[in-house]
Amino acid sequence: FTDICRFGNQTLNYRLFYDGKHFVGEKRFESIHDLVTDGLITLYIETKASEYISKMTTNPIYEHIGYATLLREKVSRRLSRTKNESRKASVTSEENTPVEKITSLVRRAALTQNDNHFNYEKAHNFKVHTFRGPHWCEYCANFMWGLIAQGVRCSDCGLNVHKQCSKYVPNDCQPDLKRIKRVYCCDLTTLVKAHNTQRPMVVDSCIREIEARGLKSEGLYRVSGFTEHIEDVKMAFDRDGDKADISASIYPDINIIAGALKLYFRDLPIPVITYDTYSKFIEAAKIPNPDERLEAIHEVLMLLPAAHYETLRYLMIHLKKVTLHEKENFMNAENLGIVFGPTLMRPPEDSTLATLNDMRYQKLIVQILIENEDVLF
């Protein structure tokens with residue numbers, strides 16, 4: 001169909017489309033009447049208030065009232081409840097090698113400042129939203145116009161803003177646990193900020209259980225637990241969060257807990273070693289000189305988001321402990337690299353060929369991270 005209307009002394013022509021709903025751009029309507037009505041509202045607002053609209057984002061209320069105020073109050077309350085967690089403060093090398101130059105003192109100093117409130121930066125997860133009744137933008141305090149899809153809402157914290165205002169909102173999302181429906185398949189940074197922890201509590205809980213009763217288990221992480229029981233653990237974390245019971249009385253086979261931990265990493269929408277850094281890690285792994293390769297890997301580690309870096313650091317410390325019991329569990333750094341390489345890093349494009357070509361480098365990266373954990377982190 002074509003919609004022709006006379007507006008502002010101009011004749012305007014719009015091609016209308018239909019795929020079960022009527023639409024021109026992003027908005028989809030049940031009826032032509034609603035589409036035209038919304039279009040006229042938008043035309044009127046944009047014509048009569050174009051100058052004002054262009055200036056809406058220049059004097060935001062965001063920093064003074066509304067979301068930012070609630071955010072400060074929420075952080076203050078969290079700070080008052082947060083307990084200090086000991087961290088590995090420094091790293092030294094026994095030998096005077098070039099490796100000493102790449103210790104991540106700067107990164108540790110930055111993370112230490114955030115020890116008590118885990119203030120990892122997180123962008124808002126905005127999605128187009130239809131508001132019922134009058135609604136105002138929480139960035140510029142102006143009215144949201146139209147019948148549907150008047151603005152966007154952060155699905156993690158609930159912030160409501162104009163689509164154009166969403167470009168200016170700082171990366172200060174504080175996810176609300178009420179909006180986080182599950183633990184597995186949830187973005188890593190979103191989960192840790194929602195629970196106010198340094199790392200996903202799944203990682204802490206599983207590693208704590210494995211270190212308590214499974215470090216000497218033969219084939220740890222290589223031997224698979226029963227899939228149904230691993231799914232039970234997954235459902236327990238999704239349902240009960242950090243209160244999930246994964247003790248020996250419920251799951252006597254430690255391979256079930258190890259399998260649940262690996263499944264958590266596989267289910268992450270963005271892997272621990274992120275898509276953005278994947279190719280850089282692969283290139284670093286290809287460097288023949290060991291010292292230069294180690295330095296290159298260290299530089300790429302610094303590019304990881306803070307929550308991903310901290311999770312990887314904690315996991316490598318744990319896997320190093322696993323290798324110390326190699327005589328009993330038969331799992332050295334190379335074996336663990338084979339297991340965790342594809343689990344912790346995946347190529348950005350879903351290509352079987354790329355995955356196969358990179359597998360040896362994925363294994364090598366994890367092996368190097370385990371063997372040099374005390375230097376790289």
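**Entry 1: an exposed serine**

I started with Ser-54, which is exposed, with a relative accessible area of 52%. My cut-offs are under 20% relative accessible area for buried, over 50% for exposed and partly exposed in between, with a 1.4 Å probe and protein chains only. Ser-54 sits in helix 2, residues 50-55. I take helices (H or I, at least four residues) and strands (E, at least two) as DSSP runs, numbered from the N terminus. I also checked Ser-54 against Gln-164: they are 110 residues apart along the chain, and their C-alpha atoms are separated by 9.7 Å.

A note on the source: this is a predicted model, so local features need pLDDT of at least 70 and side-chain atom pairs count only at pLDDT 80 or more, while totals for chains, interfaces and linings use all residues. Residues are numbered from 1 along each chain as its sequence is written, and side-chain values use heavy atoms, with hydrogens and water left out.

**Entry 2: the whole chain**

I wanted the overall numbers next. The protein chain has 15 helices and eight strands. Of its 377 residues, 46% are buried. I counted a contact as heavy atoms within 4.5 Å. Among contacts with a separation of 6 or more, 68% are between residues 24 or more positions apart. The chain exposes about 20000 Å², and carbon and sulfur atoms supply 52% of that. Accessible areas come from the Shrake-Rupley method with a 1.4 Å probe; for residues, only the protein chains shown count as cover.

**Entry 3: salt bridges**

How many salt bridges are there? I get 13, where a salt bridge is a side-chain nitrogen of Lys or Arg within 4 Å of a carboxyl oxygen of Asp or Glu.

I looked at Arg-199 and Glu-310, whose side chains meet in a salt bridge at 2.6 Å, N to O. Arg-199 is in the loop between helix 5 (188-195) and helix 6 (201-213) and Glu-310 is in helix 11 (residues 306-323), so this pair ties together parts that are 111 residues apart in sequence. Buried or exposed? Arg-199 is buried at 3% relative accessible area, and Glu-310 is buried too, at 0%.

Next I took Glu-211 and Lys-321, which form a salt bridge at 3.4 Å, N to O. This pair also links distant parts of the chain, with Glu-211 in helix 6 and Lys-321 in helix 11, 110 residues apart. Glu-211 is partly exposed at 26%, and Lys-321 is partly exposed at 34%.

Then came Lys-363 and Glu-334, with their closest N and O atoms 3.5 Å apart in a salt bridge. Lys-363 lies in helix 14 (residues 352-371) and Glu-334 in helix 13 (residues 333-344), 29 residues apart. Glu-334 is partly exposed, with a relative accessible area of 37%.

I also noted a network: salt bridges with shared partners join Arg-199, Asp-204, Glu-310 and Arg-313.

I found Asp-3 in strand 1, residues 2-7. Leaving aside neighbours within four places in sequence, Asp-3 is in contact with Leu-12, Asn-13, Tyr-14, Leu-16 and Val-36.

**Entry 4: a buried proline**

I put Pro-347 in the loop between helix 13 and helix 14. Pro-347 is buried, at 10% relative accessible area. Beyond its neighbours within four places in sequence, Pro-347 is in contact with Tyr-275, Tyr-278, Thr-355 and Gln-362.

**Entry 5: positive phi**

Ala-149 has a phi of about 45°, and it lies in the loop between strand 6 (126-129) and strand 7 (151-154). Ala-149 is buried at 18%. Tyr-221 has a phi near 75° and is placed in the loop between helix 6 and helix 7 (227-240). Tyr-221 is buried, with a relative accessible area of 1%.
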